Amino acid sequence: MSRHARKLRDHNTNPCVAETDATTKCMNDNNYNKDLCTDYFLKYKNCRTFWHEIMMQRKRSGVRPEMPSAEERKKILESMGKPY
């Protein structure tokens, strides 16, 4: 596995691994018919948008690291309910 692929699979780097996996599974199960996986694409997009906004807020506030760790993200999601 390439370094880039490992980075995308790392839960500390990529907050949307579960959404990525669900989208890929849907595409595989439906013979790559995108129309049948629209909900999965939307959930992935909403996940990326949500965590990007969190990252930008932390960056503006000077919080390091800009992307919360997997444990921090879990606590954020538990406190908010799953917002996406």
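Phe 50, Trp 51 and Arg 58 of helix 3 are in contact with Glu 72, Arg 73, Ile 76, Leu 77 and Met 80 of helix 4. Sorted by class, the residues of this contact between helix 3 and helix 4 comprise five nonpolar, no polar and three charged ones. The model in which these contacts occur is predicted. Helix 4 covers residues 70-80, and helix 3 packs against helix 4 at an angle of about 110°, the two axes being 13 Å apart. Helix 3 is therefore roughly perpendicular to helix 4, since angles of 65 to 115 degrees fall in that class. The crossing of the two helices, helix 3 and helix 4, is right-handed.

The C-alpha trace spans about 45 × 30 × 20 Å along its principal axes. The chain has 84 residues, of which 21% count as buried. Among the contacts in the chain with a separation of 6 or more, 46% are accounted for by residues 24 or more positions apart.

Two disulfides are present in the structure. In general terms, a disulfide is a covalent bond between the sulfur atoms of two cysteines. With bonded cysteines counted along the chain, the disulfides follow the pattern 1-4, 2-3.

Cys 16 and Cys 47 are both buried.

The other disulfide is formed by Cys 26 and Cys 37, whose sulfur atoms lie 2.1 Å apart. Cys 26 belongs to helix 2 and Cys 37 to the loop between helix 2 and helix 3, so the pair ties together parts that are 11 residues apart in sequence. The link of Cys 26 and Cys 37 is left-handed, with -95° about the S-S bond. Cys 26 is buried, as is Cys 37.

Helix 3 also contains Lys 43. The relative accessible area of Lys 43 is 46%, and the residue is therefore partly exposed, a class that lies between the cut-offs of under 20% for buried and over 50% for exposed. When neighbours within four places in sequence are left aside, Lys 43 is in contact with Glu 19 and Tyr 84. Lys 82 lies 39 residues from Lys 43 along the chain, and the C-alpha atoms of Lys 43 and Lys 82 are separated by 11 Å.

Technical notes
Residues are numbered from 1 along each chain as its sequence is written. This is a predicted model: local features need pLDDT of at least 70, side-chain atom pairs count only at pLDDT 80 or more; totals for chains, interfaces and linings use all residues. Side-chain values use heavy atoms; hydrogens and water are left out. A disulfide is a pair of cysteine sulfur atoms within 2.5 Å. Buried means under 20% relative accessible area, exposed over 50%, partly exposed in between (1.4 Å probe, protein chains only). Helices (H or I, at least four residues) and strands (E, at least two) are DSSP runs, numbered from the N terminus. Axes are lines fitted to C-alpha atoms, for helices over the stretch in contact, and angles run from 0 to 180 degrees between N-to-C directions. Angles under 35 degrees count as roughly parallel, over 145 as roughly antiparallel, 65 to 115 as roughly perpendicular and the rest as oblique. A crossing is left-handed if the near helix is turned anticlockwise from the far one by less than a right angle, and right-handed if clockwise. Contact means heavy atoms within 4.5 Å. Ala, Val, Leu, Ile, Met, Phe, Trp, Tyr, Cys and Pro count as nonpolar, Asp, Glu, Lys and Arg as charged, and the others, Gly among them, as polar.
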